[in-house]
Structures are given as C-alpha cells and as structure tokens.
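Please look at the chain shown here before reading on. The report is written for a reader who is new to protein structure.

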Amino acid sequence: MTPCLFSTGTARGGTGLVTRMLSVSPLVDIALDPFLPLFRSYRSAIIRHHGSEKMRQTCNNPDAPFADYYFSQEQLDVLDAIQNAPLDVPFQRQERPALLDLLRQRARLSSGDLVPLMDSLVGDTYRDFFLNGLRLIQKTRKGAKTQWVGLHENWTVEFLLPLANAFPEGRFLIILRDPRAVIASNLHVSNSSERGHIASYARCIRKQMACALYYQTLPVFRNRLVLLRYEDLIRDPEGKCKELCRFLEIPFHPDMLDTHKYVDPATGETYNGYSSFEPVAHGFKEHRIGRWRQHLPNDQVRLIDFICGFEMEFFGYEPLDHSESAPLDPGILSALIKDGQEPKSWRTDFGLPEKDYGFEFLRRGLLLSPDFMFEEPLVRKAFLYKEVYSALKTSCHRT
C-alpha cells in the first residue's frame, strides 16, 4: 500500500486550499471530504462493541455531529472509547448498502469522481474500509505513480489516534485557522441552513486545538504529525508549502502555488476557493486573514474569545480582550442566548445558556486560579486532557 496521509480541520477553515495545493504534485493525491459517514459509522460501532451499557443508551444517534465532549462525562467516555479502540472493529455487513448511499451523497460534494467506484468498498472491519477507501482514491486518481494517497475529512480530529495506531506508515496533518475567521465565514454562507451554532462551533474548534496540543505529546505521532495554520500559509505560501513537501519527502514544484492549477477531479474545472465572501477566491491574499473584523459583531467576537481564548493564544491568535474582567461583559451572555434561540444546522451545546455559560466560567476559573492541583475528572471535563490543562495553565501564568 502506498504511504497514506490523513488530514483534518474545520469547515470554512481553509482546508480545501491546502488539499488542492498538495494534490497539484504528481506524487500526491488527497480526496477532499469523501468519507464522513464512514467515521460516523465507526463511532457507532465503537460504542456498540466497546461502550458501556449507559453509553449505548445515551450516545446511540448515528447521525449526530461529532461532539465537542466538554463538561459531560458521558461524552468524555465516548472520546476515550474512540481513542482507545482499534481500527479493526467488526463491520456489520447489513449496514453496507445504507453506508454506501451516504458515502455517495457525501463524495458528490467535493470528490465526485470517487462515486462510480464506491461499490468497491468492502471489508470485515473498519480498517478494511479505510484501507480500501485509500485504494479507491489511488485507483481513481493518479494510480501507481502516487507516492502519497491522502484522505481529508473535516471534524474528525479525535479519530487520528486510532488511525495512527492502525497505519504506522501514515502521516497526519491538522489545519488550524483563527476561530473568529472560521465562524465569520460560516455565518456568511448564502444558504442559512448551513450555518452552525456559534458556541458549538467555537467549542468544536477548541476540541481540535486541544487534540492538536495533546497529540504532540504522544510518541506515536513523533515525526508523523504537522500542524499548519492557515494564516501562516497565506502569509508565506512558498515557505509553508516547502515545509509540507519536506514533511512528505517530495520535491516542491512552483505549480503548487498557482491556484489556477487547482482542479476538481470530478469535473476537471478550476477550483474556485469556496469562499463565503468572494465568488472566486484565487491566490493567497492576506485580506482574507482579518476579514472577520468587518463581519462579526463585537458581542459574537467576545463570545468566541470567551470560549476558546486560551487555546487561541496558545496557537498564536490574539483575543481582543483577555483580561480577567472581560467575561463579565453582559454582551457575551446576550450573544450566547440570542444565538441559541436561532435555528442552526447543528449544535453540540447543552441548549441551556445558564449551563453553558456557567461551565465556561468554571473552566476559566480553573486556569486563572493559582492552584494547580484540581481533581483529574474535573480537569478532563473542562480541557479533555490533563496535558492540555497543564500547558494552558503554565502558559497563562507565565504571562
């Protein structure tokens, strides 16, 4: 099997740009967002085979978005189950027709060329399905000359650990972007039914940052994981592209920076950038980095900062106001309540503003308190990993 690359990020996070850039190389082909239903099916199988009875009763919705896992022991147990499970969990064959239908629907959005061969996806375990999915990409695209066959799927950061254990030759890429820019772009999409809940979006981005931080502490990811900030790529496209090429041990080619060479494999048409703000978004333009400042109301900016400001600072994104009194701004609570009352395409919060607001204050207090010694179950509910809490705590008290 050709070495594999697994990539993830968030919707509206610049992931299409990175995926298309790498795929310009004749040695690389990455399918963009084709297999999300497979990850959901794998989650259900993990809960079925490795979850507790309570987990099977309370977390059994196969269509639910991937949770942010914060402040819920039940959801935290799901995270642990996912990250401790093998990839060779048995696949129930009777589910295959429904799964293939979902995969075809998903792939048509950005990887439609994979649809005709989707029937080739078979296997007794989920490792079989992921492996055959990679083979499908290779067969459909550049074939035997491909040096790296890749799979990019947004919102799947928690699955990188079982994938790393199952594919020891694999490498991994996490694409980060300023949460305010991501959410501003999502709120500006023309189809209002695609707009996510702000607090849920922020917490899922925070989860991505937490996993990125945690993975860097694990031996299994040593020399196999790269974090790429979208902003760094925009400011220095050649430098960052060359870094990725060194990571993959492939030669850099100038065409990788020519966005007119980025194509949709299904149609052969030029990739238009999928921007919420521009009908066609070619090139690497710095005005895209801070555009959120003109499009996000101040209360929404402060709400996002309130939820993930510490992680933002850790990864080099500066909150507008991160003083101890900043969360007392009543506009934050107003923004949380208002956003919760509006129809959204998905959400992962508790649906109770007093509960979400209170937990976020608790989390902030754990970081700002001079006491470092809190019980691990509480720390994990608030930060998912004790390593994340330690890193953030050290960082904020250093400053």
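## Basis of the model

This is a predicted model, in which local features need pLDDT of at least 70 and side-chain atom pairs count only at pLDDT 80 or more, while totals for chains, interfaces and linings use all residues. Residues are numbered from 1 along each chain as its sequence is written, and side-chain values use heavy atoms, with hydrogens and water left out.

## The whole chain

The chain holds 17 helices and 5 strands, where helices (H or I, at least four residues) and strands (E, at least two) are DSSP runs numbered from the N terminus. Its radius of gyration, taken over C-alpha atoms, is 21 Å, close to the 21 Å that the globule rule (2.2 Å times the number of residues to the power 0.38) gives for 399 residues, so the chain is as compact as a globular protein of that length.

Of the 399 residues, 55% count as buried, meaning under 20% relative accessible area with a 1.4 Å probe and protein chains only.

## Helix α6

The 15 residues of helix α6 (residues 126-140) should span 21 Å at 1.5 Å a residue, and the end C-alpha atoms are 21 Å apart, which agrees; the expected span is 1.5 Å times one less than the number of residues.

Among the buried residues of α6 are Tyr126, Phe129 and Phe130, and the buried residues of this helix pack against elements including β1 (4-8), β2 (28-32) and α2 (36-50).

## Glu360

Glu360 lies in helix α15 (residues 353-368) and counts as buried because its relative accessibility is 4%. Leaving aside residues up to four places away in sequence, Glu360 touches (heavy atoms within 4.5 Å) Phe71, Arg203, Arg206, Phe306 and Ile307.

Methods:
Buried < 20%, exposed > 50% of the residue type's maximum accessible area, 1.4 Å probe, protein only.
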